[in-house]
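Here is a short briefing on pockets, charge pairing, surface and backbone. Please look over the model first.

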Amino acid sequence: MIPLLRYHSALLLRSHRWLPPVLLYAAFLAVGVQSGGPVLDSYGLASFALLPLAAWLCRICVTGEPPAARACAAAATGPGRAHLARVATGALSAGVLALAGTAYVALVADPHASDHRTAVPEVPAFCAGLLAALVCVLLGTAVGALCNWPVLRSTGWSILSALMAAVLLLVGGASPANAAVSGLITGSVHGTVTLPWLPLISTAVIAAAATAVACRLSSRRS
């Protein structure tokens, strides 16, 4: 698996298709996360944007390989394993963005609640922000795995379904991403930090199931 991850990471970097999501996330942080803003609110904003970006990066990795190279990788390692490496590369790339965004918030945000008077413990807040970011990354990866080849073959339907799913998962009350981000914003009102372990566990299960379905279908449709 490690050689496959290196191969797909090299494809991603050399294609420069990662530039639009990375630049868009950087612009979102520059505009949305204000210097001196409440730290928990800022972590919530930084995590919020990661769900659609993770789905975008997953699509780039799943669809970026030339057909001949895809066939060679499937023949050498098996189509399911090859597809798993593509999805994992997208998730790891989004994870790098999550870590960078969380570190940026820790540097510029004010470690106080929304009233700017109640102190917020910085290390627990950083952990909560990073966990919320990982929740959004995993859920975005699940969206990317289910809304692209081999589950959906049409480019138009893939993009439309991924966009709709990302929006619904961000605003839906039952969504783990919504629960993780809302927990940060609600905690900012009182200056309390709650680690979103339950959303993280449920999202990890969802991402694993979605990836397993996509890998199974890739074995049948290759």
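The points below are grouped by topic.

This is a predicted model, where local features need pLDDT of at least 70, side-chain atom pairs count only at pLDDT 80 or more, and totals for chains, interfaces and linings use all residues. Residues are numbered from 1 along each chain as its sequence is written, and side-chain values use heavy atoms, with hydrogens and water left out. A search of the whole structure finds one salt bridge. The largest pocket has a volume of about 320 Å³.

**Pockets**

- Rolling a probe the size of a water molecule over the atoms shows where empty space is left.
- A pocket here is an open set of points on a 1 Å grid over the protein atoms alone, where a 1.4 Å probe fits, with protein on both sides within 12 Å along at least five of seven lines; lining residues have an atom within 4 Å of a point.
- A volume is the space filled by probe spheres set on the points, which are joined across faces, edges and corners.
- Helices are DSSP runs (H or I, at least four residues), numbered from the N terminus.
- By class, the lining of the largest pocket has 13 nonpolar, no polar and one charged residues. Ala, Val, Leu, Ile, Met, Phe, Trp, Tyr, Cys and Pro count as nonpolar, Asp, Glu, Lys and Arg as charged, and the others, Gly among them, as polar.
- The second largest pocket holds about 230 Å³. Among its lining residues are Ser-9, Trp-18, Leu-57 and Thr-89.
- α1 (2-15) and α6 (79-108) each supply at least two residues of this second lining. α6 gives the most, with five.

**Salt bridge**

- Side chains of opposite charge can pair when their charged atoms come close.
- Glu-65 and Arg-86 form a salt bridge at 2.8 Å, N to O (a side-chain nitrogen of Lys or Arg within 4 Å of a carboxyl oxygen of Asp or Glu).
- The pair links distant parts of the chain, 21 residues apart: Glu-65 is in the loop between α4 and α5 (67-77), Arg-86 in helix α6.
- Both Glu-65 and Arg-86 are buried (buried is under 20% relative accessible area, exposed over 50%, partly exposed in between; 1.4 Å probe, protein chains only).

**Surface**

- Leu-195, Trp-197, Ile-201 and Val-205 make a nonpolar patch of about 400 Å². Patch residues have over 30% relative accessible area and no salt bridge, and nonpolar side chains (Val, Leu, Ile, Met, Phe, Trp, Tyr) are joined within 5 Å. Areas come from the Shrake-Rupley method with a 1.4 Å probe.
- Leu-195 sits in the loop between α9 (176-190) and α10 (197-221). Leu-195 is partly exposed because its relative accessibility is 34%.

**Backbone**

- Most residues other than glycine have a negative phi, and most peptide bonds are trans.
- Trp-149 and Pro-150 are joined by a cis peptide bond, with omega about 10 degrees. Pro-150 lies in the loop between α7 and α8.
- His-16, not a glycine, has a positive phi of about 60 degrees. His-16 is in the loop between α1 and α2.
- His-116 has a positive phi near 60 degrees. His-116 is in the loop between α6 and α7.

Terms used: Patches are made of residues with over 30% relative accessible area and no salt bridge: like charges are joined within 9 Å, nonpolar side chains (Val, Leu, Ile, Met, Phe, Trp, Tyr) within 5 Å.
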